[in-house]
Structure formats: C-alpha cells, structure tokens
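Please guide me through this structure, feature by feature.

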Amino acid sequence: MNQKTTLKGGEFIIKESKAEDIFIPEEFNEEQKLMADSCRAFTETVVVPQMNQLEKHDRALLTKLMKEAGELGLLGISVPEEYAGFGQNFVTSMLTTEEMGKGYSFAVAYSAHTGIGTLPILYYGNEAQKSKYLPKLATGEYIGSYCLTEADAGSDANSGKANAILSDDGSHYILNGVKIWITNGGVADLLIVFAKIEKDKNLSAFIVESTWEGVRAGVDEEKMGIKGSSTVQMYLDNVKVPVENLLGDRNDGFKIALNILNLGRIKLSGATIGASKGTIGLAVNYTNERKQFGKLLANFPAIKSKLAEMVILTYASESLTYRASQNIEDAIQEYIQQGMDKGKATVEGMRQYAIEASIAKIFGSETLDFVVDEAVQIHGGMGYSAETQVERAYRDSRINRIFEGTNEINRMVIVGELLKRSMKGEIDLIRSAMAVAKELIGIPEFGSPSTDYYEVKRKIILNFKKSILMVAGAAVQKFAQAFAEEQEIMLNVADMIIQTYAAESMMLRIEKLESKNGAAQVSLQKAMLDVFIYDSAFEINKYGTDAINSFAVKDEQQAMLMGIKRFTKISNVNVKEIRRMVADKLIEQNIYQF
Ligand SMILES: Cc1cc2nc3c(=O)[nH]c(=O)nc-3n(C[C@H](O)[C@H](O)[C@H](O)COP(=O)(O)OP(=O)(O)OC[C@H]3O[C@@H](n4cnc5c(N)ncnc54)[C@H](O)[C@@H]3O)c2cc1C
C-alpha cells in the first residue's frame with residue numbers, strides 16, 4: 001500500500017498533493033452519514049418549523065431547542081465519551097456542523113455552544129474543570145458562550161479593558177468589564193470570559209457561571225439577521241471567580257482565543273456549506289414551480305446560469321473544506337502519536353492549518369452570500385417577502401463575513417502566516433519564488449502539450465501557484481518588513497491563494513472520484529471544474545495585475561505583467577453550455593446532489 005503523504009499547512013503553495021492522499025466528502029462512512037441524518041432530521045422537523053417564533057427573541061424556545069439538541073446527543077459530538085459526549089473525530093464534527101448549518105440562526109446558537117463555548121474547556125481545561133463542566137455542556141444542561149469582544153476591542157481583541165484582580169486572600173479573582181456581541185448571552189449558563197489580570201500585557205481566560213453575583217446579560221440586540229440567536233452585552237461587575245476557574249495559565253488567554261478562532265473559522269465554513277446547499281434547494285424548487293411567459297422559470301437560460309454558478313461554487317467550497325478538515329484530523333492523530341494529549345494535539349493541528357481554515361472561512365462565507373443573493377433574485381418579488389425562507393437566508397448570511405475574524409483580517413492572516421512560516425524556514429517560499437523569477441527571464445518551454453485531462457489541469461494550477469510566488473516574492477523583496485502596510489497587495493495575494501486552493505481541491509476531488517467510480521461518473525463534475533478553473537484564471541490575472549501595477553515599474557513591471565499573462569493562460573471554455581448542463585441536472589433532481 002502506498003504511504004499517504006500529507007502536506008504541512010500552507011505548503012500547498014509550493015508543493016503538489018496527490019488525489020489519493022486527500023479526503024473527499026464521498027468517503028463518509030455509514031456511521032458518519034447516520035449522525036448527519038440525525039442533525040438533518042432535527043433541523044428540518046424541529047428547528048425550521050419554529051423559526052418564526054424563534055426570531056421573536058423567544059429565549060425560552062431557544063433554551064428548549066438547545067436542550068432537545070442536547071438530549072439527542074447533538075451537542076456532544078466532539079466531546080469525549082468520558083465527559084458524556086460521543087468522542088467523534090474532527091471530520092465527523094464538520095459533517096454534523098454542515099447539516100446543522102441548514103438551521104438558520106439556530107445554527108449560530110448551536111455553533112457558538114459546541115464550538116467557542118465548549119472547546120476552550122475541552123482543549124485547555126484541567127481535569128477538574130473538564131469533569132465539572134463538559135458533561136453539562138455536552139448534554140445541554142448548560143448553554144455556553146464566549147466573551148471576547150468589547151466596544152473598543154473587536155478585530156484588535158487583545159486590547160480589551162476587562163480586568164481581573166486577585167483577592168487579598170488569593171482565593172478568587174474580582175472580574176470587571178463589559179463584553180459586547182455575545183452569542184447565546186441571554187440564555188447562557190456558562191461564559192468563557194477573556195480579561196487581563198492586573199496590569200498584564202496579555203489576556204487570561206476564565207470560566208464564569210451566569211448565576212454568580214455580578215453577572216448580568218443585557219437585552220437581545222436588534223440585528224439585521226440571525227434574529228433567532230441571542231446576542232447581548234454581558235456586564236461583569238465585581239464578579240468573584242474562584243482561582244480554580246482560571247482556564248490555562250495566566251496570560252494564555254489571547255493564545256486560547258486565537259486558537260479557538262482557528263477552529264471556529266473552519267467550522268463556520270462547514271455551516272455555510274449546509275446553508276448554501278439548503279438555499280440552492282429552495283431556489284431550484286421555486287424555479288420548478290413558478291411560471292412566467294407560459295414557462296417554468298427553470299426553462300430560462302438566465303436562471304439556469306445562476307443556478308449552475310451557485311452549484312459550482314458550493315462544490316468548490318465543499319471540496320476545499322473537507323480536504324483541509326482531514327488534514328487537520330491527520331495532524332491531530334500525528335501529534336497524539338508523538339505523545340501529546342488530545343486537547344493540545346487538536347489545538348496544534350488547528351494551528352498547523354490556520355491558513356487553510358481562513359481560506360475555508362472566506363470562501364464559504366462569500367459563496368453563501370452569492371448563493372443567497374441569487375436565490376432572492378430567482379424568487380423575484382417573493383424573494384423580498386418575509387414569508388419566504390430565502391429572505392431569511394439572505395439576512396442570516398451576511399454576518400458570516402464579519403464574525404470569527406472579518407474576511408479582511410482572515411485574508412491578512414493567510415498572507416501573514418505564510419510569510420511568518422517562510423521566515424521560520426518552515427515553508428521554503430524564497431527558493432520557490434526565486435525559481436519562478438528565473439523562469440520569467442528564461443525562454444518559455446514549448447514541449448508538446450499533454451493530452452491527459454488532469455495533467456493539463458495540474459499544469460494550469462502549477463502556473464497559478466507560480467503567479468502567486470512571482471507577485472508575493474517581488475512584493476516582499478520590495479517592501480520587506482513594510483509589506484504589512486501594503487494591505488491592498490496582501491488582499492490581492494490572498495485572493496490569488498484562495499482561488500488556487502479552491503481550484504486544486506476541486507480538481508483533486510474529481511480525480512479521486514474518477515479513480516474510484518470511472519470517468520463516466522464524473523463527466524459533469526469535470527465540466528464544472530473546467531468552468532471554475534477558467535473563471536479562476538481571469539480572477540487571478542486581475543488580482544495579480546492589480547498588485548503588480550501598484551508596486552512594480554518599468555522593466556520589472558513589464559516582465560511581471562508578461563509573467564502573469566503567461567501563468568494565467570487558459571484554453572477557451574464554452575461556459576454557457578456547461579452551466580446549462582449543470583443547471584439541468586439540478587432542475588431534474590430538484591435538490592442539491594452533486
Ligand atoms: C451577531 C454577532 C455575534 C457575535 N458573537 C460574538 C461572540 O459570541 N463572542 C465574541 O467575543 N464576539 C462576537 N462577535 C463580535 C465579532 O467577532 C466582531 O464584531 C468582529 O470580530 C469584528 O470586530 P468589530 O465589530 O469591532 O469590527 P472592527 O474591528 O471595528 O472592524 C471594522 C472594519 O475594519 C476592518 N479592520 C479592522 N482592523 C483592521 C486592520 N488591522 N486592517 C484592515 N482592516 C481592519 C474590519 O475588517 C472591518 O471591515 C459577534 C458579532 C456579531 C455582529
């Protein structure tokens with residue numbers, strides 16, 4: 001049997017993966033599918049029918065639904081069995097998150113509880129903290145929340161003013177502060193609160209119970225969307241927190257917050273995949289019912305084109321998210337084999353793939369925004385009616401580009417992490433960038449082109465990577481440390497990276513599927529890949545050109561513009577015909593099934 005080769009986080013920019021080494025969603029086993037079915041049944045039959053009431057800030061209903069989810073075991077999927085959970089692996093938890101993602105704003109409450117509300121204790125808690133709190137969180141007896149953001153500390157989360165002072169007798173901390181935008185705040189029993197101890201430079205993390213004196217939740221915020229989730233300000237007024245409720249070590253809070261956000265990011269991407277598939281379902285159902293000019297909407301090519309693009313982007317999002325999820329799972333297992341305990345191994349696994357997690361968050365949230373927007377458009381006036389589900393989907397989608405780190409911050413994380421790893425010698429970007437620079441001044445190879453479908457695609461994607469290395473390499477050389485100030489160029493480079501990772505993940509998935517099921521089974525997927533790569537070439541060309549024109553001049557500029565043209569060269573594709581084919585399949589099935 002061939003040994004599986006897994007690339008380190010971010011390494012995909014300079015190395016290639018083999019299709020056989022990546023995980024694809026078609027490989028979920030029966031047990032995983034059964035868990036997904038339970039989540040789907042719960043959202044479809046219990047959550048969605050009660051959404052109208054839930055959106056009226058009905059905290060009692062929200063609490064009831066969370067408890068019901070707990071009784072069904074849906075809150076403890078990632079929690080080990082010794083703490084009353086199911087101890088499932090990371091990829092399974094991604095699949096269940098995807099299914100729960102179809103539950104509109106309940107999905108936000110669910111994710112906040114199972115993710116940022118529970119995992120800090122699972123990964124950083126000591127044995128006493130874990131055995132005291134995890135069983136309650138896994139069963140729904142307690143609802144969890146995560147209190148990081150403050151009025152003046154949003155993206156700059158470490159600058160918060162919340163403060164804790166050790167009591168004279170050393171038995172407890174006295175905690176003060178105001179946290180804002182706290183999901184589940186109005187129904188929470190447990191709060192993970194980040195605050196600085198005395199005059200510390202960094203945050204520390206505390207486990208706080210909502211019934212303790214001095215803890216008070218404000219009223220539910222009136223929001224654009226996700227109205228069924230409770231979002232409040234949390235007031236902490238001289239709260240006495242026993243010293244044993246400090247989570248991790250003093251000053252560890254910022255590290256905990258960031259590492260938990262890495263996880264939150266990829267989880268959010270899982271939820272957006274579920275929401276995208278659900279919304280595509282609503283859109284196609286409507287096109288199969290609504291008639292204009294004597295024909296079903298499904299017959300209009302302009303509508304088909306929208307449906308197809310919604311499918312293609314969702315398929316790409318799914319391909320990259322599950323590829324990254326399995327990489328994380330493999331890294332976790334490797335760290336465990338090296339002797340790390342599971343909590344630390346999970347945190348390290350997540351950190352290893354922080355670049356991929358940010359890509360997944362951005363791609364998933366922006367795909368969902370596109371999908372809900374087009375779904376409203378397909379519904380015409382009805383899309384604007386509060387009676388339709390797509391109206392809710394549209395309102396609920398927008399937040400995903402803002403929380404778990406805004407998409408701008410996540411783009412900066414992608415490039416910043418990459419450069420940091422290059423500086424540390426973990427990813428040899430410099431040598432790869434120099435090789436591309438050398439290739440640029442050399443004579444292009446004109447060997448006979450391959451006719452193998454995947455060889456051709458691989459070469460195109462390799463060229464996308466070369467364009468990233470060319471632009472990023474030259475920008476780093478030009479600006480050195482000051483590159484961080486050139487945010488526009490960083491955003492351009494991040495977008496080139498995101499598009500490339502998506503294209504490669506989609507290609508590898510389809511190649512693996514073909515090797516399992518034969519070419520006939522993937523002909524439509526290959527056509528979808530043709531469209532995605534074709535579009536990506538134009539996008540990468542635009543981002544690269546914008547970046548080059550913003551810092552290169554004269555000969556260097558000309559050489560790089562020629563380079564970007566060469567590296568994003570693409571054969572012509574009849575995107576119209578392919579989109580019609582994709583839409584026809586969707587219309588025939590009347591549900592997302594690709
Ligand atoms: C509904 C909802 C639920 C939430 N739930 C929680 C929760 O449960 N717990 C919690 O702790 N927080 C929560 N948040 C807070 C959320 O994480 C923050 O809103 C988010 O991190 C952005 O911070 P901010 O709102 O202060 O925006 P800012 O940081 O003020 O950002 C404003 C704009 O400036 C940009 N920007 C900021 N810094 C930079 C920079 N260095 N370079 C370039 N651009 C920059 C941002 O991208 C953004 O476009 C929630 C927010 C909402 C709206």
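This is a predicted model: local features need pLDDT of at least 70, side-chain atom pairs count only at pLDDT 80 or more; totals for chains, interfaces and linings use all residues.

Q: Which residues have the most contacts inside the largest nonpolar core?

A: The general idea comes first: in soluble globular proteins, nonpolar side chains tend to be buried together. In this model the largest nonpolar core has 179 residues, and those with the most contacts inside it are Val193, Phe206 and Val493.

Q: What does Phe206 touch, not counting residues up to four places away in sequence?

A: With those residues set aside, Phe206 touches Ala164, Tyr173, Leu175, Val193, Ala195, Val241, Asn245, Leu246 and Leu247. Val193, in that list, is also among the residues with the most contacts inside the core.

Q: How many residues of helix 5 are buried?

A: A residue counts as buried if 20 or more other C-beta atoms lie within 10 Å of its own. Helix 5 spans residues 104-114, and eleven of its eleven residues are buried. Among them are Tyr104, Phe106, Tyr110 and His113.

Q: How does one read the packing of two helices, and at what angle do helix 15 and helix 17 cross?

A: One reads the separation of the axes together with their angle. The axes of helix 15 (residues 453-479) and helix 17 (residues 523-551) come within 11 Å and cross at roughly 15°. Angles under 35 degrees count as roughly parallel, and helix 15 and helix 17 are therefore roughly parallel to each other. Their crossing is left-handed.

Q: At what angle do helix 9 and helix 11 pack?

A: Helix 9 (residues 301-337) and helix 11 (residues 354-378) pack at an angle of about 160°, and their axes are 9 Å apart. That makes helix 9 roughly antiparallel to helix 11. The crossing of this pair is left-handed.

Q: Which residues of helix 9 and helix 11 meet?

A: On the side of helix 9 they include Ile303, Met310, Leu313, Leu320 and Ala324. On the side of helix 11 they include Ile359, Phe363, Phe370, Val371 and Ile378. The residues of the contact of helix 9 with helix 11 divide into twelve nonpolar, seven polar and three charged.

Q: How is helix 9 placed against helix 19: what is the angle between their axes?

A: The axes of helix 9 and helix 19 (residues 575-589) come within 8 Å and cross at roughly 85°. Helix 9 and helix 19 are therefore roughly perpendicular to each other. Pro301, Lys304, Ser305, Leu307, Ala308, Glu309, Val311 and Ile312 of helix 9 make the contact with Arg579, Arg580, Val582, Ala583 and Leu586 of helix 19. By class, there are eight nonpolar, one polar and four charged residues in the contact of helix 9 with helix 19.

Q: What is the phi of Glu198, and where does this residue lie?

A: Phi is one of the backbone angles. Glu198 has a positive phi of about 45°, although it is not a glycine. Glu198 is placed in the loop between strand 4 (190-197) and strand 5 (204-209). With 11 other C-beta atoms within 10 Å, Glu198 is exposed.

Q: What is the phi of Lys554, and is this residue buried or exposed?

A: Lys554 has a positive phi of about 50° and is not a glycine. Its place is in helix 18 (residues 554-567). Lys554 counts as exposed, with 7 C-beta neighbours inside 10 Å.

Q: Where is Gly140 found, and is it buried or exposed?

A: Gly140 is found in the loop between helix 7 (127-139) and strand 1 (144-147). With 23 other C-beta atoms within 10 Å, Gly140 is buried. Leaving aside neighbours within four places in sequence, Gly140 is in contact with Met66, Lys67, Ala69, Gly70, Glu71 and Leu75.

Conventions: Residues are numbered from 1 along each chain as its sequence is written. A nonpolar core is a set of buried Ala, Val, Leu, Ile, Met, Phe, Trp, Tyr and Cys residues joined through C-beta atoms within 7 Å. A residue is buried if 20 or more other C-beta atoms lie within 10 Å of its own, exposed if 12 or fewer, and partly exposed in between; C-beta atoms are placed from the backbone. Two residues are in contact if their C-beta atoms, placed from the backbone, lie within 7 Å. Axes are lines fitted to C-alpha atoms, for helices over the stretch in contact, and angles run from 0 to 180 degrees between N-to-C directions. Helices (H or I, at least four residues) and strands (E, at least two) are DSSP runs, numbered from the N terminus. Angles under 35 degrees count as roughly parallel, over 145 as roughly antiparallel, 65 to 115 as roughly perpendicular and the rest as oblique. A crossing is left-handed if the near helix is turned anticlockwise from the far one by less than a right angle, and right-handed if clockwise. Ala, Val, Leu, Ile, Met, Phe, Trp, Tyr, Cys and Pro count as nonpolar, Asp, Glu, Lys and Arg as charged, and the others, Gly among them, as polar.
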